[in-house]
Amino acid sequence: MAFGYPHMSFIGYPVPLPCAGHSGLGLRAAVDSDSPAVLDHLRRLSAEDRRMRFCATMGAAALERHVERIGSRGGVVLLAFDGPLFETPFFRTGPVRAVAELVGTGREMELGISVDSGLRRNGIATELVETAAHVLAPRGVRIIRAYTLPGNRSFLTMASRCGAAVEAGRDEVEVTFDVGTLRRSYLRRRAGNAFLLGK
Ligand SMILES: CC(C)(COP(=O)(O)OP(=O)(O)OC[C@H]1O[C@@H](n2cnc3c(N)ncnc32)[C@H](O)[C@@H]1OP(=O)(O)O)[C@@H](O)C(=O)NCCC(=O)NCCS
């Protein structure tokens, strides 16, 4: 099932090629066959970004273990594609430019998110988190929690702008997003887009 933008870019087919930064990414939930494209995205993150994302040092083997069977571990994994969303005989999917992983059960889920460094500050992380809230709210999820290391200015500013509560510990920072607030922003944005497209 596809979420998010109505316009996806087909850059460089049949093999996806890197393209200039823009916000025309296609969003959808991950399936197992996306693992190589997700791994490529995580490998492109700097060592510092990986520490901020996982609150740990992640080498090549650890990243590989992390993405194995990414679509079937439970929870929700949203991917932002800069190219074909679905595999066909002529198109390969990807590349994946951003990943939001949400794991957990019940009213709370834990978020891990990353965006390709060249595409940051285009609102992609915000859009992914809001879209995740829209998908999760009907399942009874009320809180999305995330953990990062102190000094992660990008994430903490982005989270504050989404109305999240930030609690700084000595070794870790806990960020609590309210799903209702995120979902309202999602719906406002979609209504705004529909208005603009209808003009
Ligand atoms: C944190 C991260 C996901 C943010 O992704 P992003 O797509 O750039 O975030 P957004 O564009 O939605 O940011 C929204 C707002 O947050 C703030 N922000 C984001 N990055 C910022 C930065 N480097 N410096 C200051 N403010 C920043 C800005 O206010 C921005 O809006 P603006 O550009 O209109 O001012 C990205 O930097 C990343 O992948 N970091 C490495 C992994 C990580 O730290 N993950 C988080 C812990 S799980």
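Colleague: Let me start with the contacts: what share of those in the protein with a separation of 6 or more comes from residues 24 or more positions apart?

Modeller: The share is 67%. Keep in mind that this is a predicted model.

Colleague: Thanks! How many helices and strands are there, and what pattern do they follow along the sequence?

Modeller: You can count six helices and eight strands. Reading along the sequence gives β-β-α-α-α-β-β-β-α-β-α-β-β-α. The protein has 199 residues, and 34% of them count as buried.

Colleague: Where does pLDDT stay under 50?

Modeller: Here is the general idea: where pLDDT is low, the predicted coordinates should not be read in detail. In this model, the stretch under 50 is residues 1–23, which still has 51 contacts beyond four places in sequence. Over the protein the average pLDDT is 84, and 84% of the residues score at least 70.

Colleague: Now to the inside. Which residues touch the most other members of the largest nonpolar core?

Modeller: The general idea is that nonpolar side chains tend to be buried together in soluble globular proteins. Here, the largest nonpolar core has 44 residues, and Leu128 and Val129 touch the most other members. The helix α4 gives the most to this core, seven residues.

Colleague: Beyond its neighbours within four places in sequence, which residues does Val129 contact?

Modeller: Val129 is in contact with Ala100, Leu111, Ile113, Cys162, Phe177 and Leu182.

Colleague: Then let's look at α4 itself. How many of its residues are buried?

Modeller: A helix can be read by its turns: an α-helix has 3.6 residues a turn, so residues three or four places apart point the same way. In this case α4 is mostly covered, with 10 of its 13 residues buried. Among them are Ile124, Ala125, Leu128, Val129, Ala132 and Leu136, and also Glu127 and Glu130. From its first C-alpha to its last, α4 reaches 18 Å, close to the 18 Å expected at 1.5 Å a residue.

Colleague: What about the ligand: which residues come nearest?

Modeller: There are 23 residues around the ligand, and Met52, Arg120, Ala125, Thr126 and Met158 come nearest. Two or more residues of this shell come from each of α2 (47–54), β5 (108–115), α4 (124–136), β6 (143–148) and α5 (153–161). The largest share belongs to α5, with six residues.

Colleague: How many residues of that shell are nonpolar, polar and charged?

Modeller: Eight are nonpolar, nine polar and six charged. As for Ala125, listed among the nearest to the ligand, this residue is also buried in α4.

Colleague: Let's turn to the loops. Which value does phi of Arg121 take?

Modeller: Phi of Arg121 is near 65°, a positive value in a residue other than glycine. Arg121 sits in the loop between β5 and α4, and counts as exposed because it has 11 C-beta neighbours inside 10 Å.

Colleague: And where is Cys55?

Modeller: Cys55 lies in the loop between α2 and α3. Its phi is also positive, about 55°, although Cys55 is not a glycine. Cys55 is partly exposed, because 17 other C-beta atoms lie within 10 Å.

Colleague: Is Ala56 buried or exposed?

Modeller: Ala56 counts as exposed, because it has 9 C-beta neighbours inside 10 Å. Ala56 is placed in the loop between α2 and α3 (60–67). Along the chain Ala56 and Leu149 are 93 residues apart, yet their C-alpha atoms are separated by 9.2 Å.

How values were computed
Residues numbered from 1 in each chain as written. Predicted model: local features only at pLDDT ≥ 70, side-chain atom pairs only at ≥ 80, totals over all residues. Helix = DSSP H or I, 4+ residues; strand = E, 2+ residues; numbered from the N terminus. Buried ≥ 20, exposed ≤ 12 C-beta atoms within 10 Å, placed from the backbone. Contact = placed C-beta atoms within 7 Å. Near = placed C-beta within 6 Å. Nonpolar A, V, L, I, M, F, W, Y, C, P; charged D, E, K, R; others polar. Expected span 1.5 Å × (residues − 1). Core = buried A, V, L, I, M, F, W, Y, C linked by C-beta atoms within 7 Å. pLDDT = per-residue confidence, 0-100.
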